[in-house]
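Try each task with the structure open, then follow the solution step by step.

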Amino acid sequence: MKPAPFRYFRPEHLEHVYELLDHYGYDAKLLAGGQSLIPAMNMRLMAPSVLVDLARVEGLTGLDCGDGFLEIGSMVRQQSLERNPSVAERWPLLAAAVKHVGHRQTRVRGTVGGSIAHADPAAELPAVMLALGARYEIGSSAGTRWVDHETFVVAEYTTDLAENEVLLRIRVPPMDPRAGWSFLEFRRKHGAFALVGCVALLQVSEGGTIADPRIVVFGGEPRARRLEEAEALLEGQKPSEAVLREVRSAVQEAWRPDPQPLVSAAYLQHVAGVLAERACREAVARARSRP
Amino acid sequence: MAEREMHDSRTSADEGRLHTVRLRVNGRTVERAVDPRRLLVDFLRHDLGLTGTHVGCEQGICGACTVHWNGEPVRSCLAFAVQADGAEITTIEVVASETGELHPVQRAFIEHHALQCGFCTPGIIMTMVHLFAHNPSPTEETIKEALGDHLCRCTGYENILRALRSVAERPSPSVTPDPTAGRGDRSALPVQHQSR
């Protein structure tokens, strides 16, 4: 199929974007990279009557880590993040995750902000941003505000954005260079959506115990979330095989995905537990290997 | 506002507003008035007559629509032509040289029977031409990962892999499509419509 007709605007300044959103309200949809929006429009799952293309808007494409935090303009292309040497060196978890987003060809056009604002439950970037404690700057004609990830991503395809608001940038705290991390995803084939994925981020103390564990599972629940049950099992503990097995069971118990076509919820829960165990093991290994 | 209004007998029924898009395709500047909902792949095929790029899934999964946009492989089904304003687009039509000499990837596809119906082939070639231009001797894993961005219903992929392996094993000086070379072969260039 082909998209339904729409009016197209390509403003160059945020003020103009805000004017358009204030004027058209719910009828307008922001066009970022289009790698999620355009397939939906091609299938007529969405048919906005107005598209506001952000591609030429000044001020949305910065990628900077001058103050130790990683600031990503919402229109930064996923490929730019993937190729940035500072990101690879200082936020390796993010660099690893972005390689799993879509296909190479979609990462050329797709944006970091667009992926997060689209809030697909199986998306990689929202899950990693949750683990890293990212915050988001949102703008409108009324001004700007900052929110944390759990406030921003509400449920599947649903964010905290009002109909006249724009995600401007993402601010990611520094990753401790001694932190252990892992990103694992289980899917039918290369490039496909994650059936289930797990992000692990933790510290290993001098005494060999785990501190500040963050275990995020994403896929079949409405949004990525931290599995506090699993984190509680890890905090202050040595990462023995017994503890890791407990993490696996806790995740299998606590994570409640919807079944996928041909894939039962029980199977997805089983895989989630296995991924969580593996991710913790991998994160611990990385933490130990750091100088 | 950035849009310019054009009213003629081709205005879309509901919106009544076409947009002028100006871009380079295969080395030639083209300027057209388009309905904003015109996908880039359909613009290439129907407005410019460049039918080597194919429409498969319209979701970005199959890869049949892959072209180069400012030197990078993209899904032309996931872009509106209006978004390509100012871009440099390269299609399958300029992968062979001006004199008709096949690119090593194309030659390998023929030698190894890596296509049957050929529907997926231009998309794969666009991705692989880019891969080999930047990485003349990719590993098996790199090749498979790149091929994983494309679907083929005919071949079962084995002959495609054989073809690509053969190119990796015989690295040639990196050959990129050169859309700026003056081409006597007009089939590679956008069709010039009569001006109104």
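**Exercise 1.** Is the crossing of helix 11 of chain A and helix 12 of chain A right-handed or left-handed?

*Solution.* Keep in mind as you look that this is a predicted model.
- Step 1: Find helix 11 (residues 241–254) and helix 12 (residues 265–289) of chain A; their axes are 7 Å apart and the packing angle is about 145 degrees.
- Step 2: Look at how the two helices cross: the crossing of helix 11 and helix 12 of chain A is right-handed.
- Step 3: Now pick out the residues that meet. Helix 11 of chain A brings, among them, A:Leu244, A:Val247 and A:Val251, while helix 12 of chain A brings residues including A:Ala272, A:Val274 and A:Ala276.
- Step 4: Sort the residues of this contact by class, and you get 7 nonpolar, 4 polar and 5 charged.

**Exercise 2.** Work out how helix 2 of chain B and helix 5 of chain B are oriented to each other.

*Solution.* Two packed helices are described by the angle and the distance between their axes.
- Step 1: Helix 2 (residues 104–111) and helix 5 (residues 158–169) of chain B have axes that come within 8 Å and cross at roughly 135 degrees.
- Step 2: Angles over 145 degrees count as roughly antiparallel, and 65 to 115 as roughly perpendicular. Helix 2 and helix 5 of chain B are therefore oblique to each other.
- Step 3: The handedness of this crossing is right-handed.
- Step 4: From helix 2 of chain B, the contact uses B:Pro104, B:Val105, B:Ala108 and B:Phe109; from helix 5 of chain B come B:Ile160, B:Ala163, B:Leu164, B:Ser166 and B:Val167.
- Step 5: Sorted by class, the contact of helix 2 with helix 5 of chain B has 8 nonpolar residues, 1 polar and no charged.

**Exercise 3.** How many residues does each chain give to the contact of chain A and chain B, and how much area is buried?

*Solution.* 
- Step 1: Chain A gives 35 residues and chain B gives 37.
- Step 2: The two chains bury about 3100 Å² between them, 53% of it on carbon and sulfur atoms.
- Step 3: On the chain A side, A:Tyr8, A:Gln105 and A:Arg109 lose the most area to chain B, together 20% of what that side buries.

**Exercise 4.** Which residue forms a salt bridge with A:Arg83, and which with A:Arg107?

*Solution.* 
- Step 1: The interface of chain A and chain B holds 6 salt bridges. In one salt bridge, A:Arg83 pairs with B:Glu72, with the closest N and O atoms 3.2 Å apart.
- Step 2: Over all chains, the count is 29 salt bridges. A:Arg107 pairs with A:Glu82, with the closest N and O atoms 2.7 Å apart.
- Step 3: A:Arg107 lies in helix 6 of chain A and A:Glu82 in helix 3 of chain A, so this pair ties together parts that are 25 residues apart in sequence.

Definitions and conventions. Residues are numbered from 1 along each chain as its sequence is written. Chains are lettered from A and ligands numbered from 1 in the order in which they are written. This is a predicted model: local features need pLDDT of at least 70, side-chain atom pairs count only at pLDDT 80 or more; totals for chains, interfaces and linings use all residues. Side-chain values use heavy atoms; hydrogens and water are left out. Axes are lines fitted to C-alpha atoms, for helices over the stretch in contact, and angles run from 0 to 180 degrees between N-to-C directions. Helices (H or I, at least four residues) and strands (E, at least two) are DSSP runs, numbered from the N terminus. Angles under 35 degrees count as roughly parallel, over 145 as roughly antiparallel, 65 to 115 as roughly perpendicular and the rest as oblique. A crossing is left-handed if the near helix is turned anticlockwise from the far one by less than a right angle, and right-handed if clockwise. Contact means heavy atoms within 4.5 Å. Ala, Val, Leu, Ile, Met, Phe, Trp, Tyr, Cys and Pro count as nonpolar, Asp, Glu, Lys and Arg as charged, and the others, Gly among them, as polar. Buried area is the accessible area (1.4 Å probe) that two parts lose on being put together, summed over both. A salt bridge is a side-chain nitrogen of Lys or Arg within 4 Å of a carboxyl oxygen of Asp or Glu.
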